[in-house]
Amino acid sequence: MGSFPWLTVILLLPAAGAVVLQLIPGRRTDAIKGWTVAVVVAEAVLVGMVVFNVATTPAQGGCPGGPYARCAAIGLLPLPMHLQEQAPWITAIGASYHLGVDGVSAWILALNAGVFLVAALVVPRLTTERLKLFCGLMLLTETATTGVLVSLDLLLFYLFWEGMLIPLYFLLAFYGNENRGRATLKFVIYTVAGSLLMLLAIIYLHFQALNQGVNTFDLETLLQTPLAQQSAVPLPFSSVPTLTPQMWAFLAFAVAFAIKLPMVPFHTWLPDLYESAPAPVLVFFAGVVSKLGAYGFIRFGITLFSHPAHQLQPLLVALAVLGILYGAVMVLSQTDIKRMVAYASVSHMSFIALGIFSLDQNGINGALIQIVNHGIIIVGLFLIADWVEARTGTRDIREMAGMERRTPWLYAMFLVITLAALGLPGTLGFVGELTTMLGAFQYFWLLAVLAGVGVVLASWYMLRLHQGLMHEAPTPRTEKVRDLRLREGLVLAPLAALLIFLGVYPHPIGAVTSQSVPAVVRLADAGQVTAHDVPLSHTSGAQR
Amino acid sequence: MNPTVIAGLSATILLLPILGSALCGFLGVPLGRRFVNWVGTVSIGLAFAAVLVLLALLLHAPQGHQSSTVVLWNWLSLGAGSNLGVSVNVTVDALSVWMLLVITGVGFLIHVYSVGYMEHDPGVARFFSYMNFFIFAMALLVLAANMVILIIGWAGVALASYLLIGFWHDRRSAAVAARKAMITQVIGDVALVLAAFLIFVNLGTAPYCPPGAHCPAAAGGAQHLHTLNLPQIFAHASSLGPNSPTLTIICILIAIGAFAKSAQFPLHTWLPDAMEGPTPVSALIHAATMVTAGVYLIARFHPLFDLAPVAAGMVASVGMGTSIMAGFIALSQTDIKRVIAYSTMSQIGLMIFAVGIGAYAAGLYHLMIHAFFKALLFLAAGNVIHTMHDEQDIRQMGGLQARMRITAWSFLVGSLALGGFLFGGMFSKEDLLGFGTVNGPAAPALYIVGVAVNVLTGLYAFRLYGVTFTGEPRSDLARHAHEARRVMLIPVVILAALAAVAGWVLQWPVTIAGFRPAFVDAFLNPVFHTAVSGPIAHEPGAGLAGIGFVIGTGLSVIGIAVALRIWVRRDLDAPAWFRGPILGWLPRLSFHKLYIDELYDALLVRPGYALARVLRRTVEPEVMDGWVRGVTGVATDFSAGIRSVQTGLIRDYASIMVFFAVAFTVALIIAAGLVH
């Protein structure tokens with residue numbers, strides 16, 4: 001695609017759109033919404049081109065095979081990118097403007113563009129001045145999430161990671177239902193606490209590199225700096241051998257990502273927030289923002305900290321499986337349809353975590369597939385929950401029944417999404433669960449068995465949700481419920497179609513992700529070797 | 001066989017039903033009932049024609065080329081080595097064609113019948129859309145040559161079953177039954193997926209050299225079965241060695257999948273409830289095809305089961321146990337469809353027993369014959385239910401013989417075929433039981449149980465016939481019953497003819513003593529006698545088989561005769577000696593289905609919801625939220641403090657910015673201090 005800065009364009013386009021948006025008078029709600037949709041459509045098209053480019057061209061400067069150390073000697077990159085851009089930024093501290101896209105980020109980028117497109121389409125045309133603010137904030141959020149996905153410089157990444165919170169905070173605090181205040185506060189405190197820890201770790205990494213004479217925040221450079229993997233400065237509390245500074249730094253990253261993902265037991269902000277947030281915000285929040293935690297683990301967590309990741313692997317996979325089961329059982333205890341979906345999301349997201357922490361190619365590819373899968377499913381489910389709430393005036397499943405007769409189209413699309421959510425073979429849900437469970441199985445068979453219990457529970461709670469709304473005799477609240485409007489159907493239908501198409505033919509996802517996952521696994525495996533061969537305290541001693 | 005032709009025909013067989021399904025689903029409502037009736041049936045009829053072409057090709061294929069596997073498209077490829085790489089493959093061999101004949105042939109008849117049965121139902125478009133989808137999924141299941149693709153078909157039929165059981169949405173019982181069926185099927189799916197994982201990880205890592213290929217020592221290293229293609233799996237099956245525990249576990253997991261689909265104990269409770277669906281559904285899915293998929297699955301994976309005698313023995317025992325259990329329960333049910341459903345469970349138990357002892361051809365022979373007479377019984381019962389205005393309780397029937405002659409005669413043929421006298425079942429059932437005399441765990445113990453099932457079968461089959469069709473009508477509905485429309489009678493009569501003659505024809509030239517179905521053996525056995533296949537079932541000696549045949553048929557006749565004595569032209573109550581205090585518990589136990597549903601409810605469903613309640617009330621607020629409150633207590637207090645003094649959101653935001661900035665600085669200082 002030549003030397004044109006495509007990544008900068010997709011990064012800045014939504015923000016630029018937000019700036020231009022300010023020129024439109026607040027009364028012109030049609031124009032505001034039209035412009036917003038135009039911007040996200042343009043963004044989606046450009047991202048589509050970028051993803052297509054990733055799918056069709058090989059990565060540059062990749063390590064062809066074998067352990068990475070051999071490739072480093074001849075100057076090959078640890079994480080080969082298909083497209084990248086680099087420019088100096090804050091030279092004094094070695095921060096650079098380094099963007100890149102590879103098979104790991106490509107489909108998440110596509111998901112990102114897709115969910116913002118859906119979100120823009122379902123923004124209600126409020127007649128107030130606040131529509132402009134809403135759309136502007138949404139576009140700013142898109143730039144931030146895109147930035148998280150394309151940044152290869154840790155400081156830049158952190159900037160977008162934290163920056164994302166600002167528009168999100170306003171969106172959550174200004175809009176949404178009556179419970180939003182407490183829920184937003186809870187979320188912000190969780191997230192800020194997590195990211196501050198991560199910032200500490202990033203600065204620590206920077207100084208580690210600086211000690212080696214490398215002044216950088218760049219991911220690729222840090223990965224090539226040997227001490228970034230191994231060095232250990234004893235902390236006062238590092239008398240326990242595994243609690244090296246490396247481990248602390250990993251934990252700091254892990255907490256930040258685990259909160260976003262969310263992993264049990266860092267999840268309690270989620271049901272409250274999902275219950276109170278407005279639908280368009282939920283679409284991109286549940287659809288992509290929570291996935292950034294998973295992306296962070298793959299891109300930074302297990303590559304920079306392969307060693308601690310391997311040491312904590314039993315704990316991490318155990319938490320993932322706990323999340324699958326805990327989330328599933330929690331759904332069964334809920335009666336509020338949005339909270340049901342929220343806990344189902346906890347369960348499904350834990351499959352992503354399970355895939356990642358299997359530290360295996362099948363598992364990590366599976367995690368990336370599951371990210372796309374869950375992104376589509378959760379958007380669909382929340383839209384349906386929201387529309388059902390708008391039609392019936394309630395979120396209580398006990399007050400609803402028998403909508404199928406009056407809403408055949410809603411029924412059909414809800415059915416497809418339900419089936420994907422319960423992992424029915426033939427839908428994308430199955431592909432995600434099959435591959436993540438395979439990765440987990442290869443690490444330890446019991447994990448896959450327990451995840452399988454989660455799949456069975458999923459069929460229980462998803463059918464409870466679907467049948468609860470659709471079957472049996474209608475209640476007073478659902479007697480006169482109206483089927484999907486055309487534009488609602490046009491939003492849902494592509495989601496349902498994608499879930500089936502990619503379930504029958506998941507190759508387009510796998511072909512892209514499997515180009516870049518081997519490099520990630522190679523870096524992650526580096527930790528395994530030392531973990532087995534040399535006790536950690538020795539390594540750190542020797543390195544010093 | 002030409003791969004292109006095979007690929008084309010297979011694709012046709014798969015595409016026609018799915019196309020029909022899409023047309024009925026999307027266009028059925030606007031284009032109306034006639035369109036749906038034609039599209040829904042013709043698509044299956046054409047698919048059946050394509051299957052007949054496949055059959056012709058297969059029969060003319062030279063020896064040793066009767067199996068063809070073709071790749072349709074690449075499903076998922078996660079890289080080389082030990083990474084998953086699945087493609088959509090189909091295999092055409094005698095086994096898959098045998099199944100396709102049943103699926104599309106019986107399926108076509110049932111679709112034609114449905115035109116009449118659903119004539120008053122407003123949801124006919126939805127009905128045919130689901131039914132055609134079922135045929136597609138079932139065809140995919142039997143054609144699949146890759147375990148993942150097989151699982152997709154496997155789940156597809158479960159979906160069709162779910163949709164059709166819950167077809168009449170408004171009924172609470174239908175919704176519950178559909179959910180129960182689906183959850184049971186998902187348990188089976190998960191078992192199959194775990195089996196696939198075990199195969200993925202364990203099979204084929206030993207050096208393997210395909211026969212005839214040149215394998216230098218260097219290339220003989222670990223070869224991963226990352227494709228999960230069935231032919232490769234089977235070729236590598238012996239790499240684990242005989243009696244390997246891993247292989248046994250794999251086979252048990254596959255068997256669990258089969259049990260879920262085929263309604264075998266302990267995953268059987270969904271099938272009787274599945275009778276909530278329209279009767280053609282019960283005939284097609286819950287009698288003739290889907291529930292027999294478990295038999296197909298074990299037959300398809302025979303190279304593994306041949307090497308895992310422990311698992312195979314378990315399969316045989318479960319099959320026989322389910323068979324006698326279901327036969328016992330069928331004796332006292334009062335819903336016409338539930339009686340037939342338990343009968344199905346019992347007969348499939350026999351098939352599962354057959355494939356468990358290695359008598360694959362015998363099991364598949366009974367599968368086809370059973371498909372004929374069981375579809376017949378259901379459709380005939382459907383005629384009864386239709387004319388009785390959806391009344392299914394046999395206590396309300398009686399005397400229907402005089403009012404619907406053709407249906408009654410057909411039902412009688414079906415009952416005889418089921419009972420094992422003169423028609424279908426006499427050949428296929430005695431054939432598979434005959435293998436039980438010399439094969440299986442603790443032979444001939446299971447054989448003895450099997451002939452006891454014969455007595456039960458005769459009893460419940462003719463109890464049903466007697467109570468429903470003979471005697472005096474016991475309700476106004478029964479008095480006003482009339483014969484069904486022609487479109488519903490023709491399929492019934494064709495199936496009756498098939499049930500009556502299929503046994504004789506397939507058995508021709510009859511080896512009287514052995515009673516081996518000559519054609520069936522010649523057609524199917526090449527699939528099961530492969531080079532890698534281990535011990536297959538021993539043929540019982542001619543004398544033994546002859547004696548077995550006489551005993552089996554004799555006991556069937558005794559069962560039939562006793563049933564006729566008790567129930568023809570009489571009330572349906574249990575005989576006097578079963579009403580007393582001594583044996584009175586037996587009918588109760590049978591009527592309440594051994595209380596297994598109640599047991600599951602107490603052991604699984606209630607504890608599940610109770611656990612959920614505990615989590616919601618205690619664990620989530622106290623533990624999950626609690627620890628965070630504990631750790632972040634300070635921060636929360638801090639923020640709560642901010643919130644209490646702030647009124648505007650902008651200032652709230654500003655305070656967070658300050659919080660950020662301060663924390664950032666502190667973080668910098670700490671980090672710098674750490675390093676230096």
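Biologist: In which loop of chain B is B:Pro266 found, and which residue does a cis peptide bond join to B:Pro266?

Modeller: B:Pro266 sits in the loop of chain B that runs between helix H8 (245–262) and helix H9 (270–273). The model is a predicted one. The residue joined to B:Pro266 by a cis peptide bond is B:Phe265, and omega of that bond is about 0°. As background, most peptide bonds are trans.

Chain A has a cis peptide bond as well, between A:Leu261 and A:Pro262, with omega of about -15°. A:Pro262 belongs to the loop between helix H11 (245–260) and helix H12 (269–276) of chain A.

The side chain of A:Asp272 meets that of A:Arg182, with 3.7 Å from N to O. Over all chains, the structure holds 26 salt bridges.

Backbone angles also stand out elsewhere in chain B. In general, most residues other than glycine have a negative phi. B:Lys593 is not a glycine, yet its phi is positive, at about 55°. B:Leu594 likewise has a positive phi, near 60°. B:Lys593 lies in the loop between helix H24 (585–591) and helix H25 (596–631) of chain B, and B:Leu594 is placed in the loop between H24 and H25.

Next comes the contact of the two chains. Chain A contributes 82 residues to the contact and chain B contributes 75 residues. Between them the chains bury about 6,900 Å², with 75% of this area on carbon and sulfur atoms. Three residues, A:Phe441, A:Trp460 and A:Glu472, supply 9% of the area that chain A buries against chain B, which is more than any other three residues give.

The polar side of the interface can be counted too. There are 15 residue pairs in polar contact between chain A and chain B, counting pairs with both residues at pLDDT 80 or more. On the side of chain A that touches chain B, helix H8 (residues 180–211) gives the most, with 16 residues. That side of chain A divides into 53 nonpolar, 22 polar and 7 charged residues. The rule finds 2 salt bridges across the interface. A:Arg405 forms a salt bridge with B:Asp170, and the closest N and O atoms of this pair are 3.2 Å apart.

Finally, there is a nonpolar patch on the surface, formed by A:Trp409 together with B:Leu19, B:Leu23, B:Phe26, B:Leu27 and B:Leu31. Together these residues have about 600 Å² of accessible area. Helix H1 (residues 3–31) of chain B provides the largest share of the patch, 5 residues. B:Leu23 is found in helix H1 of chain B.

Technical notes: Residues numbered from 1 in each chain as written. Chains lettered and ligands numbered in written order. Predicted model: local features only at pLDDT ≥ 70, side-chain atom pairs only at ≥ 80, totals over all residues. Heavy atoms only, no water. Contact = heavy atoms within 4.5 Å. Buried area = accessible area lost by both parts, 1.4 Å probe. Salt bridge = Lys/Arg side-chain N within 4 Å of Asp/Glu carboxyl O. Polar contact = N/O pair within 3.5 Å; in protein donor to acceptor, adjacent residues only side chain to side chain. Helix = DSSP H or I, 4+ residues; strand = E, 2+ residues; numbered from the N terminus. Nonpolar A, V, L, I, M, F, W, Y, C, P; charged D, E, K, R; others polar. Patch = residues over 30% accessible without salt bridge, like charges linked within 9 Å, V, L, I, M, F, W, Y side chains within 5 Å. Areas by Shrake-Rupley, 256 points an atom, 1.4 Å probe, with all protein chains shown as cover.
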